[in-house]
Amino acid sequence: MNATTFLRDTSMVRKRLRRLLLVMLTALPPLWAVAEDLVVIIANRDNPNTIDRAYVAKIYTGALKGWPDGTSVMAFDQDPDSDVRRSFYGTVVFKSAANMRAIWSQNIFTGKGLPPKVAAPDAEMKRVVAAHRNAIGYIRASQLDASVKVIQSEK
């Protein structure tokens, strides 16, 4: 390989890397959108229980079926294709959509339980959670109001 060929190949690699970087940067959401789309975990205002993220993850994977006080929990999910659901499972449960489908397929097959019911969009989620004392759900932080309470998560 001579110097001209080497420089031409190096230049092509740089161009491809620049294109790849540009594609990756345009695929990322803007920083102001990320801040607004933070997910908050909500419960009924009259629910006395306080739980952390690990407890929430166990509820949404079917490992737990009740609140710490022994009452049953009624979990609600957003639409399967929604950004808020992807964000919730990625940042709170630490599972992908494919992982969750596999977990719930196994839970259903073994008789361990059924997946959370769907209540979407955020307004419907708030209405359902506010109406049921044992309900738990999640919404965008920008949609939070006094009809529900935020469950404080501890790391």
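Student: Which residues of α5 are buried?

Tutor: Keep in mind that this is a predicted model. In α5, the buried residues are Met100, Ile103, Trp104 and Asn107. Buried means a relative accessible area under 20%.

Student: What makes these buried residues line one face of the helix?

Tutor: Look down the axis of α5: its buried residues fall within an arc of 90 degrees, so they line one face. The face turned away from that buried side carries Arg101, Gln106 and Phe109, which are exposed. To be called exposed, a residue needs over 50% relative accessible area.

Student: How do you know how far α5 is expected to reach?

Tutor: The expected span is 1.5 Å times one less than the number of residues. Helix α5 covers residues 97-110, which makes 14 residues, and the expected value is 20 Å. From first C-alpha to last, α5 reaches 20 Å, close to that expectation. Just after α5 comes Gly111, with a positive phi of about 80 degrees.

Student: What do the buried residues of α5 pack against?

Tutor: They pack against α3 (53-60) and α4 (83-93).

Student: Why is Ile136 called buried?

Tutor: The cut-off for buried is under 20% relative accessible area. Ile136 has 0% relative accessibility, so Ile136 counts as buried. You will find Ile136 in strand β4, residues 135-140.

Student: What makes a group of residues a nonpolar core?

Tutor: The members must be buried residues of nonpolar kinds such as Val, Ile, Phe or Tyr, joined through side-chain atoms within 4.5 Å. The largest such core here has 23 residues, and Ile136 is among those with the most contacts inside it, as are Ile51, Val56 and Phe88. The elements giving two or more residues to this core are β1 (39-44), α3, α4, α5 and β4. Apart from it lies another core, of ten residues, including Val128, Ala135, Ile139 and Val148.

Student: Which residues is Phe88 in contact with, leaving aside its neighbours within four places in sequence?

Tutor: Contact asks for heavy atoms within 4.5 Å. With those neighbours left aside, Phe88 is in contact with Val39, Ile41, Val56, Tyr60, Val93 and Tyr138.

Student: And how many helices and strands are there in the chain?

Tutor: The chain has six helices and five strands, in the order α-α-β-α-β-α-α-β-α-β-β along the sequence. Of its 155 residues, 31% are buried.

Conventions. Residues are numbered from 1 along each chain as its sequence is written. This is a predicted model: local features need pLDDT of at least 70, side-chain atom pairs count only at pLDDT 80 or more; totals for chains, interfaces and linings use all residues. Side-chain values use heavy atoms; hydrogens and water are left out. Helices (H or I, at least four residues) and strands (E, at least two) are DSSP runs, numbered from the N terminus. Buried means under 20% relative accessible area, exposed over 50%, partly exposed in between (1.4 Å probe, protein chains only). The arc is that of the directions from the helix axis to the C-beta atoms.
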